[in-house]
Amino acid sequence: MFTDWLTYDFMRNALMASLLVSVACGVIGTLVVLNRIVFISGGIAHAAYGGVGIAYHLGFDPMIGAIGFSVLSALGMGLAHRRQGQRSDTVIGVMWAIGMAIGIISLSLSPGYKADLMSYLFGSILAVSVVDLWLMALIVVMVMAFVALFYRKLLSLSFDETFSTVRNLAVTPLYLAMITLIGLTVVISMRVVGLIMVIALLTIPPAIANLFLKNMGKIMAAASAIAVVSSILGLMISYLLNLPSGAVIILLLGVFYLLAAMASAVKHQPAR
Amino acid sequence: MSGNPERFSRLLIDLQDVWAGYEADTVLEQVTFKLYEGDFVGLIGPNGGGKTTLIKVILGLVEPSRGQVKVMGLPAKEGRRFIGYVPQIQLDDKAFPISVWDVVSMGRLKSGFGNLKLSKTDKQAIAIALEQTGMEDFANRSINELSGGQRQRVYISRALATEPKILLLDEPTASVDPHATTQIYDLFSKLNQDISILLISHDMTAISTYVKTIGCINHRLVYHNEKALTPEMLAIGYECPIDLIAHGIPHRVLAEHDQEVGHVH
């Protein structure tokens, strides 16, 4: 009963997609959380819907539109955040909403049956194609290479940007590369949990890991592991109970977070 | 009263008629300042008097609208590599998961590629920097477990790990208790044997007992390589906070200027 689901091609693809996306989310999500740009990653996910809509309307693969919109909006939001700091939240909110609006209007102008476009909102891991898998693998490789090459600089940039600037560490190119990879990770995560819940897949695993670990690299590894376990477990539960997989994965992560927060509170309780 | 009679020593920081600010708001006016090798200068000034902007100008983070900034004879953006910058402790970075060792190792990062691993030299420099501030036993501790004074020492170690010619300190005792403040200033006096120090603070009490020379910054800068506040400093001094004046000179000469605190011309 627990293995027969693997006989289906689409289930094997789904499993592979969960693994790849989880690893990317664990690593990139840690950077998102430590740099406090959770709001930006939410903005990117929603703005990407504009690309989905336009691509669908013009008749090419919605993934291409999603990639274009998410990378452009990531760079726009990232630059706004660097220029204006906390005050950039308005600009990011505006881009977030405009992207959604463009997507909705483009789709309403497109004739035909559009049910599969709901999958971009809520995820459709069972519809992942082999091409999607290759794209996910490519992005995972890019994320890993980036973090491996620039780990110490990313740590310094995340911890103290001003000090990094004074040390002439090419802060702006590094930041833009990071934000671009966040955009790409958001796109592949959309396939698994949908753009509405991408924020959760990016932030909950590192948040859990951060409760117990005090080292960025260890948090990245643990967050990836937590995401892998949750998404595979969520996939199995959704298959057995016939529930939407994206929502089950996120709900599992939420439950894990609550349990971890309680365990952490008990652990840190002062001795009486 | 001259704190540093050797005017033949090397010029490290040179600000010539610097004006700077944000949009229409001029924060620094006509600032001319020189830091020489061996100096230990304390600049005091009220909040909003341009202390932070002055630091940013020296570090090349803010372009002056007028005037010239040289660090070690170079433009600020190049010369800043000789500056060990110690920022003010921000309590909101408390949650960041990082060890003391990893913070100090940031001082060894260089521009370009090739920062994959710490070299032997890097590790030695980090160990020495930790020893200099007495934090060697805390290397593996998380920065979140430390007190304000200990965190300040870690930031000083990070700056020392860059092997700087100049230490530039922004409010080094802002989140530090009085006992630890004394210890930190003792540390500065010791470090000053090899490194020139410029520190900027609104905390007059600590500064006046330890620094070699003192100046006042409140939009304009008054600094003449003197140990004590001079009459000329007092001319702009009535724009400085009164507790500063009261601690700086023995008599309450400026009591009648109370109302003018914070006045901007």
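Two residues are in contact when heavy atoms lie within 4.5 Å of each other. That idea runs through this report on a predicted model.

**A helix in chain A**

Start with helix α4 of chain A, residues 89-109. Its buried residues pack against three other helices or segments of chain A, namely α2 (38-58), α3 (62-84) and α5 (118-122). Which residues of α4(A) are buried? They are Ile92(A), Gly99(A), Met100(A), Gly103(A), Ser106(A) and Leu107(A). These residues cover an arc of only 135° around the axis, so they lie on the same side of α4(A). The other side of α4(A) has exposed residues: Thr90(A), Ile104(A), Ile105(A), Ser108(A) and Leu109(A). An α-helix has 3.6 residues a turn, so residues three or four places apart point the same way.

At 1.5 Å a residue, its 21 residues should span 30 Å. The end C-alpha atoms are 31 Å apart, which agrees.

**A buried threonine**

Thr30(A) belongs to helix α1 of chain A, residues 9-34. Is Thr30(A) buried or exposed? Its relative accessibility is 1%, and buried means under 20%, so Thr30(A) counts as buried. Set aside its neighbours within four places in sequence. Thr30(A) then touches Cys25(A), Pro206(A), Met216(A), Ile219(A), Met220(A) and Ala223(A).

**Rings and charges**

How many aromatic pairs does a search of the whole structure find? It finds nine, over all chains. One of them joins Tyr8(A) and Phe10(A): the ring centres are 5.3 Å apart and the planes meet at 25°, so the pair is stacked. Tyr8(A) is partly exposed, because its relative accessibility is 39%. Phe10(A) is partly exposed as well, with a relative accessible area of 36%. In chain B, ring pairs link Phe40(B), Tyr185(B), Phe188(B) and Tyr210(B) into a cluster.

| Charged residue | Ring | Distance to ring centre |
|---|---|---|
| Arg82(A) | Tyr175(A) | 5.1 Å |
| Arg158(B) | Phe163(A) | 3.7 Å |

In the second case, the arginine is in chain B and the ring is in chain A.

**Strands in chain B**

Chain B has nine helices and ten strands. Four of the strands form an open sheet, in the order β2-β1-β4-β5, with antiparallel pairing. Which strands are at the edges? They are β2 (25-36) and β5 (74-75) of chain B, and each pairs on one side only. Inside the sheet, β1 (residues 11-22) and β4 (residues 66-71) of chain B pair in the antiparallel sense over five bridges. Leu15(B) has Val69(B) as its bridge partner in β4(B). Another general rule applies to strands. In a regular strand the side chains alternate between the two faces of the sheet.

Ile214(B) has its bridge partner, Glu226(B), in β10(B). What do β9(B) and β10(B) form? They form a hairpin with one residue between them. In the turn, His219(B) has a positive phi of about 70°.

**Chain B as a whole**

Chain B has 265 residues, and 53% of them count as buried. Take its contacts between residues at least 6 apart in sequence: 67% of these join residues at least 24 apart.

How values were computed:
Residues are numbered from 1 along each chain as its sequence is written. Chains are lettered from A and ligands numbered from 1 in the order in which they are written. This is a predicted model: local features need pLDDT of at least 70, side-chain atom pairs count only at pLDDT 80 or more; totals for chains, interfaces and linings use all residues. Side-chain values use heavy atoms; hydrogens and water are left out. Helices (H or I, at least four residues) and strands (E, at least two) are DSSP runs, numbered from the N terminus. The expected span of a helix is 1.5 Å times one less than its number of residues. Buried means under 20% relative accessible area, exposed over 50%, partly exposed in between (1.4 Å probe, protein chains only). The arc is that of the directions from the helix axis to the C-beta atoms. Rings of Phe, Tyr and Trp (its six-membered ring) pair if their centres lie within 6.5 Å; planes under 30 degrees apart count as stacked, over 60 as edge-to-face and the rest as tilted. A charge sits over a ring if NZ of Lys or CZ of Arg is within 6 Å of the ring centre and within 35 degrees of the ring normal. Two strands pair if DSSP finds at least two bridges between them.
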